[in-house]
Amino acid sequence: MKSDIEIARETPLRKIKEIATTLGIPREEVQNYGRYIAKIPIHLIDKERIERHNLILVTAITPTKAGIGKTTVSIGLTLGLNRIGKKAVVALREPSLGPCFGMKGGAAGGGYAQVLPMENINLHFTGDFHAITSAHNMITALLDNYLYQNRFACAGLKEIKWKRVLDVNDRSLRNIVTGLGGSANGIPTETGFDITPASEIMAILCLATDLDDLKRRIGNILLGYTYDDKPFTVNDLGIAGAITTLLKDALLPNLVQTTENTPAFVHGGPFANIAHGCNSTLATQMALTYGDYVVTEAGFGADLGAEKFFNIKCRKAGLSPKLTVIVVTSQSLKLHGGVPESLIKEPNAEGLRAGFANLDKHIENMKRFGQQVIVTFNKYAFDTDEEIALVARHCEEQGVGFATNDVFAKGGEGGIELARLVVDTIERNPSGPLRYTYDEQDPVREKIRKVAEEIYGASSIVYTTLADKKLRQIESLGISHYPICVAKTQYSFSADPKAYGVARDFELKVRDVIINNGAEMIVVIMGEIMRMPGLPKDPQAKRIDIVNGQIEGLS
């Protein structure tokens, strides 16, 4: 089969204004970024239309290091829905340069189920990530200047909570010292970098409802504490308006197209293991304004991405999916069934069956939210009919719908079976109102306990002295009503990335708590999770090149 980039290159693209008009977006409203990419103004969002249309969440069981293929399945399901005569749109996150040049080589789908132009989407796209990086670091520079200019006054800060960000995987920047080389170069400070998808401004952009809400949230970002223990925010620096100007265009959803020239909104890119893992609320609302069926995905497994999608994004945006699709692969089931990672592509019915426990826990969790659930088997060339039949039989025993998909190899044609099951399930038995894991007014420790016990299966939780201190600060600030956003490994229900299957009766350690006062959520760090990833021994960057003017190595 041809490579992703070969398929992408051979796909004839339609001008983006033509794609927009197929949705019903007026041509004069389309803000072109070249021929095939555009931004769409948010005043076109129609709340009444949103309530009439169908939102579908695509999530997954606990992934392997190679992933599960949620983005590919999300795109392929959308293609399949359009093939059976439905007006369907997909809403996805933007790829980060960190994983693109590190492990993945890209994140725009795969095979014949991609969003295009994939080279642009995987690289600089419309500059949203750069705008977020610049806005975040502009705050840091202005904060450092404030501290420098007030170094001999009483207006300094006792504690600083704001670092820098960069959209690369660079372990050397996790902990650094700035301001060295004499007083003219600033105040020596121990600090560090997070990756841009972990920036609070990324979370804010993806949760903001309009430009005024964006400005309000930026102004509320907590930067540190004064010597009399009062919070110090961006509003105290007087720069909320200036920072918002850097994000004015980035706030607008990006419109692109799929390999079958159907519309796709790709906007925002927080990771789910360190942030909330969902594309922007505005992009989802825009898609729901113009599409009868809207497919979206949430990062990593359902314990991270789907939990945050429901408890944070849907709660704040007033969204409620009609259906949740859980993606499985034979490889992921075998890994969680005890098969060594080097052997998961080989037939192993016993290992496959043992992995059903992981799938069943995710199904149980989604049903806790009141979701109607179906399972789709994401097919690879080495999968056998016998193993697919085992999964289908198990799902039938569990009382959940099942469909295979072969969208990677066949595009929309490979998604028709899944599309028909999705439509039939929504028409016969759609999900009811969302049931959240916790109430907004629950104490933060109670929110953590409910997620840890009900979603992960933990038996106990311990807190470091630092985490205890942060929780007291949250209570004193009167923000205990914020939802929580857990940062932990994506490879296990526990904080141990090697605890495959379904970890039981384990202890979770809350190492730190970060207040995202602008994003209005509380980030709870469990285990040894890094907010700035490192590069692997053999990074994908070694295979990315430009030959005769064409980019190679992206996938």
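Reader: What are the ground rules for the model and its numbering?
Author: In this predicted model, local features need pLDDT of at least 70 and side-chain atom pairs count only at pLDDT 80 or more, while totals for chains, interfaces and linings use all residues. Residues are numbered from 1 along each chain as its sequence is written, and side-chain values use heavy atoms, with hydrogens and water left out.

Reader: Why is Glu520 called buried?
Author: Buried means under 20% relative accessible area, exposed over 50%, and partly exposed in between (1.4 Å probe, protein chains only). Glu520 has a relative accessible area of 17%, so Glu520 is buried.

Reader: What makes Asp229 exposed?
Author: The relative accessible area of Asp229 is 51%, and therefore Asp229 counts as exposed. Phi of Asp229 is near 65°, a positive value in a residue other than glycine.

Reader: Where is Asp229 found?
Author: Asp229 sits in the loop between strand 12 (222-226) and strand 13 (231-233). Strands (E, at least two residues) and helices (H or I, at least four) are DSSP runs, numbered from the N terminus.

Reader: How do you know that strand 14 and strand 15 pair?
Author: Two strands pair if DSSP finds at least two bridges between them. Strand 14 (residues 254-258) and strand 15 have three bridges, in the antiparallel sense. Val256 stands opposite Ala264 in strand 15.

Reader: How many bridges join strand 4 to strand 15?
Author: Three bridges join strand 4 (residues 88-92) to strand 15, and the two run parallel. Leu92 is opposite Val266 in strand 15.
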